Amino acid sequence: MRFEGKRVLVTGAASGIGRATAVLMANEGAELFIADVNKDGLSETAELAAGSPTIIVYDASNTESCKELIAEVTQDGGLDILCNIAGVLDWGPTLDFDDERFDRIMRINLSGTFALNRAVLPHLIESKGNIVNMASAAALQGVAYTAAYAASKHGVAGITKSLAVEFADRGVRVNAVCPGHVNTPMGNKAPPEGDIVWEKVMRNAPKLIEGTCEPEDIAEMVAYLASDKARKVTGSLFTIDGGQLAG
Ligand SMILES: NC(=O)c1ccc[n+]([C@@H]2O[C@H](COP(=O)([O-])OP(=O)(O)OC[C@H]3O[C@@H](n4cnc5c(N)ncnc54)[C@H](O)[C@@H]3O)[C@@H](O)[C@H]2O)c1
C-alpha cells in the first residue's frame, strides 16, 4: 500500500499505460483522480480501479484546460503525485509530414506537459510531492520517420531535468519514464502510409525475447518513482525498453 493517504492524479488514464498506472495506484491505496480527453475510457478505467476514482475530462493541448484540471483536483485538498501520461504518436515520412501534424504533437506531448507541470508545482511544494512524466525511448535517441514525436519527447526529458534542478531545494522530485515498445493501442497503431524503409525503423528493436513491454510493466516503474522508495531519485530518465537502447 505505497500510496495510502496520497492524493494522486493520473493523466492519459483512459487507455494503455495511464489506465494500468491508475489501477495500480488505486490498488495501493491512492485517493485517485483520473483525467483524459476520452470520457468513456475514463469510466471503464474507474470500473477497474479500487475505490471510486474521480473522473475529470481535460484536453492536454489546451493550457487553460490543464490549469482547470489542477484547480479542480486541488479545490478540496492538495496533491501529492502527478503521473503525466497523456500523449499521442504520429509518424511517417518527414517530407510529407506537414506543420499541422507537427504542431499537434507538440501541443499535446510537450506544451501539455509544461502547462500541467507548471500548474501543479505550487501544490507539490506544499506536499513535498513529485511528478512522473511519460517520455519515451524516443526521448533519448533519434527514430527514423519520427522526428516530431522524438522532438516532443526529448522536450519532455528537458522539462523533467530542468524542473528537477529548479525545485529540488523545495522538496519536489521530478522524473520521467522512457518506455520502448509497449502493447497499447498507441504501440499497436497501424504503420503510416508512404515509403517506409523498415530496416531504419527497426535499428532499435528490443533485444530481449518478447521485448515488447506490457502497460503493467511501465506502471510498476511509474509507481516506484512516485513512491517514497525513490526519495533520492530526481531528474532521472528511467528506461524500460527490453534493451532497445542497450546498443
Ligand atoms: N505505447 C508505446 O509503445 C509507448 C512507448 C513510449 C512512450 N509512450 C508514451 O506513453 C504514454 C501513454 O501511451 P499509451 O501507449 O498508453 O497510448 P494510448 O493511446 O493507449 O493512451 C494515450 C492516452 O492519452 C490520451 N490523450 C490523447 N490526447 C489527449 C489530449 N489532448 N488530452 C488528454 N488526453 C489525451 C488518450 O485519450 C489515451 O487515453 C504516451 O505519452 C506515449 O507517448 C508509449
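**Contacts first.** I call two residues in contact if their C-beta atoms, placed from the backbone, lie within 7 Å. Before going on, I note that this is a predicted model, in which local features need pLDDT of at least 70 and side-chain atom pairs count only at pLDDT 80 or more, while totals for chains, interfaces and linings use all residues. Residues are numbered from 1 along each chain as its sequence is written.

**A230.** Not counting residues up to four places away in sequence, A230 touches Y224 and L225. I found A230 in the loop between helix 7 and strand 7. Helices (H or I, at least four residues) and strands (E, at least two) are DSSP runs, numbered from the N terminus.

I traced an open sheet of 7 strands, paired in parallel, in the order 3-2-1-4-5-6-7. Strands pair here if DSSP finds at least two bridges between them. Strand 3 (54-57) and strand 7 (237-240) are the edges, each pairing on one side only. On average, neighbouring strands are turned by 15° against each other, direction ignored. For such angles, axes are lines fitted to C-alpha atoms (for helices over the stretch in contact), and values run from 0 to 180 degrees between N-to-C directions.

**Strands 1 and 2.** Strand 1 (residues 7-11) pairs with strand 2 (residues 31-36) over 5 bridges, in the parallel sense. Why is strand 2 largely enclosed by the rest of the structure? Because 5 of its 6 residues are buried.

**Helices on the sheet.** Helix 2 (residues 39-48) lies across strand 2 and strand 3, at about 155° to strand 2. Helix 7 (residues 215-226) packs on the sheet too, touching strands 4, 5, 6 and 7, and makes about 165° with strand 6.

**The core.** A nonpolar core is a set of buried Ala, Val, Leu, Ile, Met, Phe, Trp, Tyr and Cys residues joined through C-beta atoms within 7 Å. The largest one has 72 residues, and V8, V10, M25, L32, C83, V177 and V222 touch the most other members. Helix 4 (residues 99-127) gives the largest share, 8 residues. Leaving aside neighbours within four places in sequence, V177 has contacts including V132, M134, I218, V222 and F238.

Key
A residue is buried if 20 or more other C-beta atoms lie within 10 Å of its own, exposed if 12 or fewer, and partly exposed in between; C-beta atoms are placed from the backbone.
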